[in-house]
Amino acid sequence: MNPKATARPTHARNWVIVFAVSLAVISYIDRVSLSHAKRYIQPALNLSDKQMGWIFGSFALAYALFEIPGGWMGDWLGPRRVLLRIVLWWSTFTALLGWMWSFPSFCVCQFLFGAGEAGGFPNIAKAFSVWLPHRERVRAQGIVWTFARWGGAFTAPLVIFTLKHVTWHWAFVLFAIPGFVWAFFFFRWFRDNPHDHPSVNQAELALLGDAPKSATGHGDVPWGKLIRSRSVVLLWVQYFCLSFPWYFYITWLPTYLEKFRKLTPGQVAVYGIVPLFCGGLGSLLSGTLALRIAKWAGSVRMGRRLMACGGFLGASILMVISINLADPRWAMAAMGMASFCNDLVMPPAWGSCMDVGGKYAGTVSGSMNMMGNLAGFCAPVLGGFMLPNWNMLLYTMAGVY
């Protein structure tokens, strides 16, 4: 009897979500760790705030520039080989960060780190568009972004714990190891097409419908059609405005808490968890309620519009409230809720990329994430020039929302 002919569907597609979640956590730990190790690195190398802004921005600039090529490669070659290359590359440069010796060397390493990590989330979107039925995709994106944010949130205590036992040089080597382990197991298990996986039976393939047809071999992207698409252009603008304020949380937030709010390193580690943790809750709620909101609003399109507009408005108001609260506990609570509203927009945005992109989901996702990371380049660099005027920086973020 053919095991694929059994009536009960297998659940191999859930392992795709598990791999995506673990990848998201590792990627955020690696990219956020520098902002928390900064207090050790900056005095050791005599780096100014402006120089640190350029170092932070170098990662985002490269990430932005290589997002479309990374997503396109996933559409053409399939996410299995592309994600293997991405994770091995970024893990290598995570380890090398600990051995940089100057401002130029840090900029170069961060740039190459960003170039390597680019395309990771678009290839997750590509894998989801092939491995998941339509109704499960936004929920899966919500789960992924929840754990991505939480990975970044708990990086602060992880960095502090690690630096109690090793120098910052070796800390980055330790942070790189999980990526190599992930790459080994992912490459062994994953297949670009569910039809090729021995753990998928016919009943599960029936649940996927036509999704596996968009697996690989789509390098002929209709660029002109994408650029002329109002939906795609508005996704770009939305994601730029979403990412510009959010990058504050993974770059300048520890410095803000230490220098402006006058918190101790231990307090910084605790308070710094709040925005990313709350953002994860926003992603989880958004992904979970997406179908219900669409049904209530009368269409998927209107549901996503309401979620996006409500998220941006709430984030802007709460950011302004945070600026004007003297007590750091209440200020960080308001900033955490601003991040919560920020991330209400995330799962619908990535779900839209999968719906609009179809078999070009990797490329469309990459183009959207490119715009987000161009904002990620602008925001920390601009912050370096604005400091020490923290209120000006935070009001700028609220204005972008």
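**Core, a buried threonine and a cavity**

Colleague: What does M319 touch?
Modeller: Leaving out residues up to four places away in sequence, M319 touches Y249, M335, A338, L394, M397, A398 and Y401. Contact here means heavy atoms within 4.5 Å. Mind that this is a predicted model, where local features need pLDDT of at least 70, side-chain atom pairs count only at pLDDT 80 or more, and totals for chains, interfaces and linings use all residues. Numbering runs from 1 along each chain as its sequence is written, and side-chain values use heavy atoms, with hydrogens and water left out.

Colleague: And T155, buried or exposed?
Modeller: T155 is buried, with a relative accessible area of 0%; buried is under 20% and exposed over 50%, with partly exposed in between (1.4 Å probe, protein chains only).

Colleague: Which residues is T155 in contact with?
Modeller: Y28, I29, V32, S33 and H36, leaving aside neighbours within four places in sequence.

Colleague: New topic: how many cavities of 30 Å³ or more are there?
Modeller: Five. A cavity is a set of points, on a 1 Å grid over the protein atoms alone, where a 1.4 Å probe fits but cannot get out; lining residues have an atom within 4 Å of a point. Points are joined across faces, edges and corners, and a volume is the space filled by probe spheres set on them.

Colleague: How much space lies in the largest cavity?
Modeller: About 120 Å³. Its lining has 16 residues, with Y28, Y239, S243, W246 and N369 nearest the centre.

Technical notes: 1 Å grid on protein atoms, 1.4 Å probe; cavity = no way out; pocket = protein on both sides within 12 Å on 5 of 7 lines; lining within 4 Å.
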